[in-house]
Amino acid sequence: MPDLFAYTDGACSGNPGPGGWGCLMIAREGGTVIKEKELSGGEAQTTNNQMELLAAISALESLTKRSAITIVTDSSYVKDGITSWIFGWKKRGWKTAANKPVKNEALWKRLDAATREHDVSWQWVKGHAGHPENERADALARAGMAPFKP
């Protein structure tokens, strides 16, 4: 069975403003790439965090069967949110530790549901640091944003 990776990124021009998300899906067998798929999209009025979330959601929702996948993101917001903060939010009825509503609640719920369908591992990489797959995901996010920029 090949190893499956999703390299995800979000971009926004202004925050809020036009934004895009991108995802590079790669299947590797024995370290060799056997298949790649690019996904991207965007919105006219959004935030960077919303686009980062949509990139991860889109990666998981694009899978047609239960899979083991590693999502590689440069967003600590997404990684920390889904691997740590979300448990407290759910216990508190989608409130933060400060008893405020969780921002982007609908997207977090969607990501939570998508992760339950798969065996997901999360990995953080530093953005804009020359990581080839992260740079490709960033380019896909910028391409997804392009139709919405004035």
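In this predicted model, helix α2 covers residues 76-91, and at 1.5 Å a residue its 16 residues should span 22 Å; the C-alpha atoms at its ends sit 21 Å apart, which agrees. The helix isn't straight, though: α2 bends by about 60° at W85.

Several α2 residues are tucked away from the surface. Y77, V78, G81, I82, I86, G88 and W89 are buried.

A pair of packed helices is described by the angle between their axes and the distance between the axes. For α1 and α3, the angle is about 25° and the axes are 9 Å apart. Angles under 35 degrees count as roughly parallel, so α1 and α3 are roughly parallel to each other. Their crossing is left-handed. On the α1 side, the residues involved are Q50, L53, L54, A56, I57, L60 and E61, and they meet L107, W108, R110, L111, A114 and T115 of α3.

Over in strand β1 (residues 3-12) lies D9. With a relative accessible area of 1%, D9 falls under the 20% cut-off and is therefore buried. Leaving aside neighbours within four places in sequence, D9 is in contact with G20, W21, G22, M51, E52, A55, D74, N134, A137, D138 and A141. A97 is another matter: 88 residues from D9 along the chain, its C-alpha atom is separated from that of D9 by 27 Å.

Conventions. Residues numbered from 1 in each chain as written. Predicted model: local features only at pLDDT ≥ 70, side-chain atom pairs only at ≥ 80, totals over all residues. Heavy atoms only, no water. Helix = DSSP H or I, 4+ residues; strand = E, 2+ residues; numbered from the N terminus. Expected span 1.5 Å × (residues − 1). Bend = angle between axes of the 7 residues up to and from the residue. Buried < 20%, exposed > 50% of the residue type's maximum accessible area, 1.4 Å probe, protein only. Axes fitted to C-alpha atoms, helices over the stretch in contact; angles between N-to-C directions. Parallel < 35°, antiparallel > 145°, perpendicular 65-115°, else oblique. Left-handed = near helix turned anticlockwise from the far one by under 90°. Contact = heavy atoms within 4.5 Å.
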